[in-house]
Amino acid sequence: MASKQVKYYFAFPSPFAALADSRIDDLIAQAGAELVPIPIVPPPADPPTGIAAQIAEAKLSYLLEDAERWAHKLGVPWHAPAQVAVDSTDAAAGHYFARDKGKERGYRNAVFHARWGEGRNIGDREVLADCAVKAGLSRAEFLEALSSKRYHDEVPKALMLCMQDKIFGVPIFVVDGKRYWGNDRLDVLADALKKG
């Protein structure tokens with residue numbers, strides 16, 4: 001009998017995806033399922049203005065506070081970056097290169113740690129190259145792959161998958177057509193996989 005597939009939609013700029021990422025691989029392995037990581041780079045949106053901007057700022061500050069509480073609860077090293085907004089297109093493209101080289105998990109974990117554990121700028125290719133090296137990849141090959149833009153073509157394809165699976169935020173996990181949204185749904189996901 002084939003193992004269940006769990007699609008894992010994530011975005012490197014998301015603190016809650018970083019928290020889920022710290023334990024999703026082991027949880028899925030223990031359940032005997034297969035994890036299918038899918039990096040998302042949300043399409044650009046106009047920044048809110050007026051009172052909507054104030055509400056968005058209040059929400060963001062709360063989310064960062066809550067993520068830090070979760071990090072302490074889970075024992076995850078945490079150092080939120082000074083710059084919250086970041087273009088993660090290169091990071092996502094690097095994910096596809098790492099996947100092709102069999103180093104997907106190491107690269108993904110390293111990028112999340114660089115951003116949320118060390119507060120580094122993952123929009124910087126040199127930072128991403130450091131992550132690639134930590135994952136066991138060649139720095140030169142990694143940087144060449146980013147420069148060639150070959151793997152950048154994969155990035156927008158994830159948005160089409162989002163439409164098919166009705167994805168509205170990250171992290172979100174899809175198994176047997178059912179969605180589990182958020183770091184705090186991992187236990188529910190684990191229970192669902194056990195019931196199988």
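The questions below concern aromatic ring pairs in this predicted model.

Q: What makes Phe10 and Phe112 an aromatic pair, and why is the pair called tilted?
A: The ring centres of Phe10 and Phe112 are 5.7 Å apart, and the rule asks for centres within 6.5 Å. The planes stand at 55 degrees; stacked needs under 30 degrees and edge-to-face over 60, so the pair counts as tilted. By this rule the count comes to 11 aromatic pairs.

Q: What parts of the chain does the pair of Phe10 and Phe112 link?
A: Phe10 belongs to strand 1 (residues 5-10) and Phe112 to helix 4 (residues 104-117). The two are 102 residues apart, and the pair links distant parts of the chain.

Q: Why does Phe10 count as buried?
A: Its relative accessibility is 0%. Buried means under 20%, so Phe10 counts as buried. Phe112, at 3%, falls under that cut-off too and therefore counts as buried.

Q: Why is the pair of Phe97 and Phe142 called edge-to-face?
A: The angle between the planes of Phe97 and Phe142 is 65 degrees. Edge-to-face needs over 60 degrees, so the name applies. The centres lie 5.9 Å apart, which is within 6.5 Å. This pair joins helix 3 (residues 89-100), which holds Phe97, to helix 6 (residues 139-148), which holds Phe142, 45 residues apart.

Q: How do you know whether Phe97 and Phe142 are buried or exposed?
A: Relative accessibility is 5% for Phe97 and 1% for Phe142. Both values are under 20%, so both residues count as buried.

Q: Which residues do ring pairs link into a cluster?
A: The cluster consists of Tyr8, Phe10, Phe12, Phe97, Tyr107, Phe112, Phe142, Tyr151 and Phe173.

Conventions
Residues are numbered from 1 along each chain as its sequence is written. This is a predicted model: local features need pLDDT of at least 70, side-chain atom pairs count only at pLDDT 80 or more; totals for chains, interfaces and linings use all residues. Side-chain values use heavy atoms; hydrogens and water are left out. Rings of Phe, Tyr and Trp (its six-membered ring) pair if their centres lie within 6.5 Å; planes under 30 degrees apart count as stacked, over 60 as edge-to-face and the rest as tilted. Helices (H or I, at least four residues) and strands (E, at least two) are DSSP runs, numbered from the N terminus. Buried means under 20% relative accessible area, exposed over 50%, partly exposed in between (1.4 Å probe, protein chains only).
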